[in-house]
Amino acid sequence: MTIDYTWWKNATIYQIWPASYKDSNGDGIGDIPGIISELDYIKDLGIDIIWLSPMYKSPMEDMGYDISDYEDINPDFGTLHDMQNLIDGCHERGMKIICDLVINHTSAEHAWFKESRSSLDNPKRDWYIWKKPKYDADGNRQPPNNWGSYFSGSAWEYDEKTGEYYLRLFAKGQPDLNWESEACRKAIYNSAVKSWLDKGVDGFRIDTAGLYSKVQTFPDAPVEFPEQEFQPCGAYTHNGPRIHEFHREMHDMVWSKYDVMTVGEVGHCERGDALKYVGAARREMNMMFLFDVVEVGSDESDRFRYVGWELTDFKKAIQNQSDFTKGTDAWSTVFVENHDQPRCVSRFGNVKKYREKSGKLLAMLQTTLTGTLFIYQGQEIGMTNLPRSWSIEEYKDINTINYYKAFKERYSNDPDFKEKEEKLLDVINLVARDHARSPVQWNGSANAGFTTGKPWTRVNDNYTDINVESQKKNADSLLKFYQKMLQIRKQYKDLFIYGNLEILDYDNDKTFTYLKELPDAKSPKAYVVLNMSNDQVKYTPLIDGDFSLLVANVDELDESVLTPWEGRVYIVN
């Protein structure tokens, strides 16, 4: 077997959310100089590539995913000079850096949109998606169709000046770009992409990479949630008719001219459609993020419609994520946290009784799976979701705030409102995006060492127990365990990064046991057994062979028993 050791396949990638990483100037907002101050920490962790979430100029309606200037930096985060120092600082340490590429939409403050909305005949009018109103039987103005925004309510915003609606699948200030316009596409490639590649950026995480092509008849969406006026519109906006044409054009016009890494956020699609995005011969993107794992238990059209999950659901999601590489020319990604997801130890572990132990188990899971590995800031120390005791007013994310507001408007007069509200708040406390966005907990001092000022969002109460400084000093800490597991992943990269996954106990509702193996039958195998339950369970190897323990998250092993949240990795000959 010949293995393709491309740099972005071998890499471990560390995602940074600038506002919450580290504040260098005391204004309460994380910034680029703060990131630079911790580059040695990131390198020592075992990281190869930094992924920087949006740092561009923005009014911050959606935390920087509403970009008003692709070629400038948000002043809260620093300057173009600071950004160049960060790029150079990564390269000087042998690391690479990728940025977020947000090109489904801009901010309403972007110069392109200001021109587009200035008149019906402006040359940039068709750079965004404008439609005339509809009118109901009583003559009341209505949006062009029933499409719902991902952030609640209508996906259309009325513009008084020109008397038309613009499409905005996300916030009011995030108008969707019209990829049907060739002039618009070329401007995107030059301004958002090439300008940064020429500054030394090594690639991009492509935001909402499945949304650029909309069905051009703009029909009403099927009614999925009858109690809502506006409906999920993914059938007409996700994996649209020209999406692969657009990605191939971007590859041919941009990616093919640089040695870059591209990973697209696609979210949900069937295997056949997914392979169109990331099959190497297709010339679109290197790899993609699907949400099978991180959104297990939630309705894919609405994360807050949460029904829970069984371990078999989790295994199926892991299998789907890992199997991209089987018999294909595609590549996989491995992640259980990012800026849009809750903390993995709260979501998939036991944060109350086995926080550190289950955190180590999840580290073992991640570092032994096939594909390029992504870790989110704070994950390496086991940062948790925000406390359930906090009020909804502590939440800052537009997605959470709008959803809760719409819920109150719909149910405030319901006799069971209080009960329904408590259930929703439980779900928000489990799956909201806010949990990933609390400041990184650097030490036990005021504001967790994140800032000397007032933080833009509240620091989690548990920072005195969970922080980088204390874990650096503790040889048995989760931070040290992550460092160890990342070293092991590189040491056995053929097995863990490139090996095929075979689940051995698919129907078991407590343990997750799998093999990592190469096609060569003579090669050693890795045998991973994870007790993802609060119970002690019997342990019997499910295959024959000579077992050699590589790593475990307990100091003493009982050869016949797995304690709660115990994990082991063996090499088997």
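**A close look at the salt bridges**

Modeller: The side chains of R117 and D159 meet in a salt bridge, at 2.9 Å from N to O. This pair links distant parts of the chain, 42 residues apart. R117 sits in the loop between α6 (111-116) and β6 (130-131). D159 belongs to strand β9 (residues 156-159). Keep in mind that this is a predicted model.

R117 has 25% relative accessibility, so R117 counts as partly exposed. D159 has 5%, so D159 counts as buried. The cut-off for buried is under 20% relative accessible area.

Next, take E394 and R458. Their side chains also form a salt bridge, at 3.0 Å from N to O. E394 lies in the loop between β17 and α14 (398-411). R458 lies in the loop between α15 (417-431) and α16 (468-473). The pair therefore ties together parts that are 64 residues apart in sequence. E394 is partly exposed, at 24% relative accessibility. R458 is partly exposed too, at 33%.

K9 is buried, with a relative accessible area of 14%. D4 is partly exposed, with 41%.

Salt bridges can also join up. D62, D340, D397, R433 and R437 are linked in a network of them. Across the whole structure, a search finds 43 salt bridges.

Now step back to the chain. The domain assignment gives domain 1 (12-107 + 182-478), domain 2 (111-167) and domain 3 (501-572). The centres of domain 2 and domain 3 are 56 Å apart, taken over C-alpha atoms.

Then there is the sheet. This open sheet has 8 strands, in the order β13-β12-β11-β5-β2-β1-β17-β16, and the pairing is parallel. β13 (287-290) and β16 (333-334) stand at the edges. Each has a single partner strand, so one side of each is left without a neighbour in the sheet. Strands of a sheet pair through backbone hydrogen bonds.

Zoom in on one pair of strands. β11 (residues 203-206) and β12 (residues 261-267) run parallel, joined by 4 bridges. R205 has V263 as its bridge partner in β12.

Helix α17 (residues 478-491) lies across β1 (12-16) and β17 (372-376). The helix runs at about 170° to β17.

Conventions. Residues numbered from 1 in each chain as written. Predicted model: local features only at pLDDT ≥ 70, side-chain atom pairs only at ≥ 80, totals over all residues. Heavy atoms only, no water. Pairing = 2+ DSSP bridges. Helix = DSSP H or I, 4+ residues; strand = E, 2+ residues; numbered from the N terminus. Contact = heavy atoms within 4.5 Å. Axes fitted to C-alpha atoms, helices over the stretch in contact; angles between N-to-C directions. Domains from an automatic or database assignment. Salt bridge = Lys/Arg side-chain N within 4 Å of Asp/Glu carboxyl O. Buried < 20%, exposed > 50% of the residue type's maximum accessible area, 1.4 Å probe, protein only.
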